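Hello,

Here is the structure I promised to pass on. My notes follow below it.

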Amino acid sequence: MGNIHTCGPNETLVISGGCFGSTGKNMVTGSWAWAWWLVTDVQRMSLEVMTLNPVCDNVETKEGVPLTVTGVAQVKIMKNPELLGIAAEQFLGKKEDEITDTILQTLEGHLRAILGTLTVEEVYKDRDQFANLVREIAAPDVGRMGIEILSFTIKDVYDNVEYLASLGKTQTAVVKRDAEIGVAQANRDAGIREAECEKSAM
């Protein structure tokens, strides 16, 4: 005899052994399945979203400036039958922290590699483009594990050599200088117009 096993839409039943042979398996998501006692093995695999917090400490940019970058990624196992089967081969029976650690290492590896090709200004000023680049390059690798990257954002960028602070001060000085030049030009133009008006009134 056997049992009926049910699962919600957020998990998959993986049934192996028995009539499925030594290598076959039956995968059911959000439904039910029958499993024979003793001769079949039933395991569950979560399809819920997993949150990762990749961190890269003191990674040198294109200019050799060491930056620390932190991010947030949302990932999940894909429901496509073929990719679901790949994910089962990779992660079935593992705890969530073991799964997230594997994906995290892949993301951090790509994050480091991309940081080395960009300048500090490119990383700091356009975080969205930087995050999209990491997501696009990492997606095929994690996809081969049956994992989909739902979102990836850069949370923080900082350094220990005060490069970013100096960059901010430089930008502030440029804005202040431009403002002072603008005021001087406006005063000059106003003086010229006033002189022309006085000349016309004579």
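**The nonpolar patch**

M1, I4, W32, W34, W36, W37 and L38 form a nonpolar surface patch of about 940 Å². A patch takes residues with over 30% relative accessible area and no salt bridge, and joins nonpolar side chains (Val, Leu, Ile, Met, Phe, Trp, Tyr) within 5 Å. A salt bridge is a Lys or Arg side-chain nitrogen within 4 Å of an Asp or Glu carboxyl oxygen. Areas are Shrake-Rupley values with a 1.4 Å probe.

This is a predicted model: local features need pLDDT of at least 70, side-chain atom pairs need 80 or more, and totals for chains, interfaces and linings use all residues. Numbering starts from 1 along each chain as its sequence is written, and side-chain values use heavy atoms, without hydrogens or water.

Strand β4 (residues 32-36) gives the most to the patch, with 3 residues. Strands are DSSP E runs of at least two residues; helices are H or I runs of at least four. W34 sits in β4. W34 is partly exposed, at 35% relative accessible area.

**Helix α1**

Which residues of α1 (residues 81-91) are buried (under 20% relative accessible area)? They are L84, G85, A87, A88 and F91. Their arc around the axis, taken from the directions to the C-beta atoms, is only 160 degrees, so they lie on the same side of α1. The face turned away from that side carries E82 and E89, both exposed (over 50%).

The buried residues of α1 pack (heavy atoms within 4.5 Å) against β2 (11-17), β3 (25-29), β5 (40-46), β8 (66-77), α2 (96-115) and β9 (147-158).

After α1 comes G93, with a positive phi near 90 degrees.

Best wishes

Note on methods: Patches are made of residues with over 30% relative accessible area and no salt bridge: like charges are joined within 9 Å, nonpolar side chains (Val, Leu, Ile, Met, Phe, Trp, Tyr) within 5 Å. Buried means under 20% relative accessible area, exposed over 50%, partly exposed in between (1.4 Å probe, protein chains only).
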